[in-house]
Amino acid sequence: MEQVEKKSHSLLILLCIYIIAIVVGVITVIIIPNSKVYGIIFYAVVILGLIKYIKQEKYDWRKWFSKIEGGVGRIILMILVVALLLVVNFLFQIALCYIGEAEPFQFNIFAYIATGLLAPVTEEIVCRGIIVDILQKKHKSVFVVIVSSLIFYVIHGNPINIGAFIFGILASLTVLKTKNIMPGMIVHLIWNQIIYFLPLIGQTLIFAFKV
């Protein structure tokens, strides 16, 4: 009973952290409209909340970075599937550029920091670090993988982003085997870097092809 209460308590704290971050982000958008700084504010609040949570719960975060002694096959599978998803995204972006429906690429340092750097790190810590750790103490691996992946999918806020759910499954399977969140975090970082610059890559190739 005590473990169940602690698990519910921990998940509630994580939910509150995200709700507060969303509220602060919305307030930022109202105060500073047409600015991408809200993303950095959002993740800054999440990170501060996670630091407080880890200290308060005396959470052993070092175990996320323990020596990898197995799971190489799952790491390779994750990389291959992510590569395939990136190819699909790339072809879709090329198609949008070709028919003139793609949004013009505009680099924004705030959006890049939030999307390309802060998002992958915080999401892996929350979904594959804390949530997987909480769930696996009471539930079987299948439940842990599905629930953590669903949470990862939901926090992206995009119903058609099925790739997030697929990646969540692969990253969760990997962390359960390796006991380390770094493989998933590195792949996630690379994924977000490429996705962020895909519009630029697509538009550049289409321009070169038309010329």
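Among contacts in the protein between residues at least 6 apart in sequence, 81% join residues at least 24 apart. The model is a predicted one, and the exercises below work through it from the whole chain to single residues.

**Exercise 1.** Work out which secondary structure elements the protein has, and in what order they run from the N terminus.

*Solution.* Begin with the count, which comes to seven helices and zero strands. Then follow the elements from the N terminus on, and the order reads α-α-α-α-α-α-α.

**Exercise 2.** Decide whether the radius of gyration of the protein agrees or disagrees with that of a compact globule.

*Solution.* First take the length of the protein, 211 residues, for which a compact globule would have a radius of gyration near 17 Å. Next set the protein's own value of 19 Å beside it; the two agree. As a further description of the overall dimensions, the C-alpha atoms fill a box of roughly 65 × 45 × 25 Å along the principal axes.

**Exercise 3.** Describe the surface of the protein and the charged side chains.

*Solution.* Start with the accessible surface, which comes to about 12400 Å², with 72% of it belonging to carbon and sulfur atoms. Of the 211 residues, 38% count as buried. Turning to charge, there are 17 positive and 10 negative side chains, and the centres of these two sets lie 5 Å apart.

**Exercise 4.** Classify Cys16 and Cys127 as buried, partly exposed or exposed.

*Solution.* Locate each residue: Cys16 is in helix H1 (residues 2–31), while Cys127 is in helix H4 (residues 109–136). Because its relative accessibility is 38%, Cys16 counts as partly exposed, as this class lies between the limits of 20% and 50%. Cys127, with a relative accessible area of 0%, is buried. Leaving aside residues up to four places away in sequence, Cys127 touches Val132, Ser148, Ile151, Phe152 and Ile155.

**Exercise 5.** Find how the span of helix H2 relates to the expected span, and which of its residues are buried.

*Solution.* Helix H2 (residues 37–56) has 20 residues, and at 1.5 Å a residue the expected span is 28 Å. From first C-alpha to last, H2 reaches 29 Å, which is close to that expectation. The buried residues of H2 are Val37, Gly39, Phe42, Tyr43, Val46, Gly49, Leu50, Tyr53 and Ile54. One of these, Gly49, has its C-alpha atom 9.1 Å from that of Cys16, although the two are 33 residues apart along the chain. Finally, Lys58 follows H2 and has a positive phi, near 50°.

Technical notes. Residues are numbered from 1 along each chain as its sequence is written. This is a predicted model: local features need pLDDT of at least 70, side-chain atom pairs count only at pLDDT 80 or more; totals for chains, interfaces and linings use all residues. Side-chain values use heavy atoms; hydrogens and water are left out. Helices (H or I, at least four residues) and strands (E, at least two) are DSSP runs, numbered from the N terminus. The radius of gyration is taken over C-alpha atoms; the globule rule is 2.2 Å times the number of residues to the power 0.38. Buried means under 20% relative accessible area, exposed over 50%, partly exposed in between (1.4 Å probe, protein chains only). Contact means heavy atoms within 4.5 Å. Accessible areas come from the Shrake-Rupley method with a 1.4 Å probe; for residues, only the protein chains shown count as cover. Lys and Arg count as positive and Asp and Glu as negative; His and the chain ends are not counted. The place of a charge is taken as NZ of Lys, CZ of Arg, CG of Asp or CD of Glu. The expected span of a helix is 1.5 Å times one less than its number of residues.
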